[in-house]
Amino acid sequence: MSGNSPAEQHEKNYRIALKQLKNSHKLCIWYLKLNKKYTQDIPDFIEPVKPISVTVQESAVELKQLDDNYQALLSEIQKIQEQPKDTDKINKTILIAQNKAEEIKLESGEFETQSSNINLLPIGTILNNQYKIIEILSAGSFGQTYLANDTNSFDEKVVVKQFRPQSSDEETIKSAKSLFKREAQTLYKLNKIDSIPNLKAFFEEDNQFYLVQEFIDGNTLEEEILLENNGNKFSESRVTKLLQDILTSLNNLHSLSVIHRDIKPSNLIRNIDNKKIYLIDFGAVKQIVNNSTDGTIIIGTKGYMPFEQLQGQPQLNSDIYAVGMIVIQAATGLKISKINEGQWQVEAKHLSDHLICILEKMTAIDYKNRYRYVQEILDDLKIRKSTNVSSEPITSAVVSPITEIKYTSQPINNINTAKSKLLKPSLGLTIAGVVVGIAVLGFFIKSIPYFTKAKISIDTITIGTLEEPKRYTELRKHLETELIPSNFIDYIRGKKITVNINGDKTLSYQEAQQRITDKQWDVAFTLSPIISIHAKKQGYKYIASMFPDKPFYEAGIIVHKSSPIQSLDDIKPSTTIALGNFNSASSFYLPIYDLYGKTISVSTGHKGAKIRDMVINKEVDIGSAAMGDIINNKFPDLRLVGISRKIPGSGVYISPNLSENDQNSIKKVMLYASKKIKSYEQANYGDKSKDEQPVFEPDYTEFEKLMERVDSLLVCSDFSKNPVKLYCPEGFTPYEIIGIVNGSSIKGNNYTLKVTGQDFNIYIVNLDKKVFNELTNNGQLNALQGKKINIKITTNPHQTNQGLSIDITQIQQVKIIN
């Protein structure tokens, strides 16, 4: 086997040396900043060198420059070490330094910062004419954090976080500003949570962005674990208490469906006064500094990030993984890198099997095998506490031994007395019997519901919806009351079934379909036949009809009563029509099918009520929406010129991931709910209409054929410019691409995806903001990373330096493949 050439080996050695020196250099910078908090007379430390090149020609010069800087830094450190020594402080510093070295090691490679340059604000700087910097708390590639006095509030201490975008071009600043404002608004909404520092202000100054938050006086868990405990293992009781403290704070955050994304010891502070743990440094805001052309930045800290977060797809239980790693660190005394190597259980033999099982489930590699919600862990910790209590010897109901009967010579006339003593039990036996009897009776009474109520093996049910969650409040209470755990021991211990509502009116059809694909919804209220069809294709089973009083519906095409248009035959290319989103059955698919072959000017993306108002106000010539939205006595200015064919309504479906018994139990309890719960004003479902006529599972066969035909013509129709031709040329065959998204970027309102096709070509796919948001629902730049997509377009892609370029103008041209 041939080895590397001398030149190749020479370059390899230089690269290794550069990397090691750079890491050492970063550690020195950090050490000096740490000690600057305690020492006032240390001179300004030397700034790191620029990012290192890897060419052989330049490496020798850079090695020398880096080494010179490194030696200068070491000299500064030596000065610190020559000063009068505080042994306790030094030991604490060493412990933190060892941990920091591990972090620096983990951050190298693909997670290494783009630049080591750190430009700190001088002490005394006043920001926004209000906040005076008094101390540097931390600094890094994402930004700097300072302690400041609020000069408008009697010098109250606050924390000021500075974020500097990596690029200073106009588009990047504009985009970063929009993102910053959105993230600040998100943080402001969290002010209601007492385990998160309140956001006091946010502002922009000199193209840099600042957040001002409440100052939490306390120690980080990094200090608590490494310093106060000197790196020793936490006892089981302390591990449990730590876990409960963190989870209680995290539960408050997750109740608002917000993911932290960067939970680690240094981002958790225990308040000195109330001893509560506060969550700081939300990962979402760190997107601001990287909002240039590279949208694939991963937020988080390696070692505490689970696999799905590394892929850019964090879940709520990604935070649970991070908490598990922190607690394991406290329990074992191991460094985070050692925990990631596995076998941490060897160092946790002092923990109970129950607690180890909880930590193992929290840190499962596959998020689907992890706890889904924080409350589940808290419940399991309570079960452990209950078990510990009940396993103690029972002393409160000890049965007294039967009194010994002695045979004596008694006069015959005392035989009745002796007989009565034999027949009368002792007082101790009587009391014990009563106690045991009451206990047995109580146990029996408590057990009765177990033999009468519907039982399920899961402890959490997620109801998915595209409507307001409050419509399902009573249904949630009904399910939590009528369903019980199938495990008898869990039931006796008082374990309850939890029902969560997921989704709301802002949820797009695309995102709803993705959640069904991912089996995030145990029960899906589909709202649209399009989503019902998708649920069936994913293996979901029909439970009941939505809108059981209207199992079929149709779309109407309307005009203003004064319009000259009498029928669809009067439509011309200049005629304007208002339609819904591309995935709406009543306001898109049905009218497009009826308008097949015509050329017309189109305005899309409207709700039914908006379409109605646009026609009434003569903003458009015609509109199409569900008949219920447009035809009634309240709108005399409207006239009907066309009615679509009838299609089946939507349904309620249950996930194939549930066992057959769980499916049947949930279905039974849902169908036996009160009429009020199933009414139009609330959850709006059922298997019978108001007149008690049965409603059967919809047959979508004909509607699916209609959708296929519409989808085929949409490939040829360009909705980005008017008028739109609603037909394909004879003999037309679309250009089709199937590939994996492995990169994304944004510039202004234009998004670009880098797609590797099955034909091994690289495709540069350009989309506008509206299409991208419809496709991803949340608009996050990395939402499509790693996804398999199918693209159909009318023209062949054109060659560029980066790859074959494609322009997507409407949502129908690209689909995510399950």
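This report looks at salt bridges and one surface patch in a predicted model.

Local features need pLDDT of at least 70, side-chain atom pairs count only at pLDDT 80 or more, and totals for chains, interfaces and linings use all residues. Residues are numbered from 1 along each chain as its sequence is written, and side-chain values use heavy atoms, leaving out hydrogens and water.

**Salt bridges**

The structure holds 20 salt bridges. A salt bridge here is a side-chain nitrogen of Lys or Arg within 4 Å of a carboxyl oxygen of Asp or Glu.

| Pair | N to O distance |
|---|---|
| K233 and E347 | 3.1 Å |
| E511 and R515 | 3.0 Å |
| D711 and K815 | 3.5 Å |

D711 sits in helix α22 and K815 in strand β32, so this pair ties together parts 104 residues apart in sequence. Helices (H or I, at least four residues) and strands (E, at least two) are DSSP runs, numbered from the N terminus. D711 is buried at 17% relative accessible area; K815 is partly exposed at 41%. Buried means under 20%, exposed over 50%, and partly exposed in between (1.4 Å probe, protein chains only).

E511 and R515 share helix α16, four residues apart, about one turn of the helix. Both are buried.

K233 is partly exposed at 39%. E347 is partly exposed too, at 28%.

E224, K241, D245 and R270 form a salt-bridge network.

**Surface patch**

F307, L310 and I365 make a nonpolar surface patch, with about 310 Å² of accessible area together. Patch residues have over 30% relative accessible area and no salt bridge; nonpolar side chains (Val, Leu, Ile, Met, Phe, Trp, Tyr) are joined within 5 Å, like charges within 9 Å. Areas come from the Shrake-Rupley method with a 1.4 Å probe; for residues, only the protein chains shown count as cover. F307 lies in helix α7.
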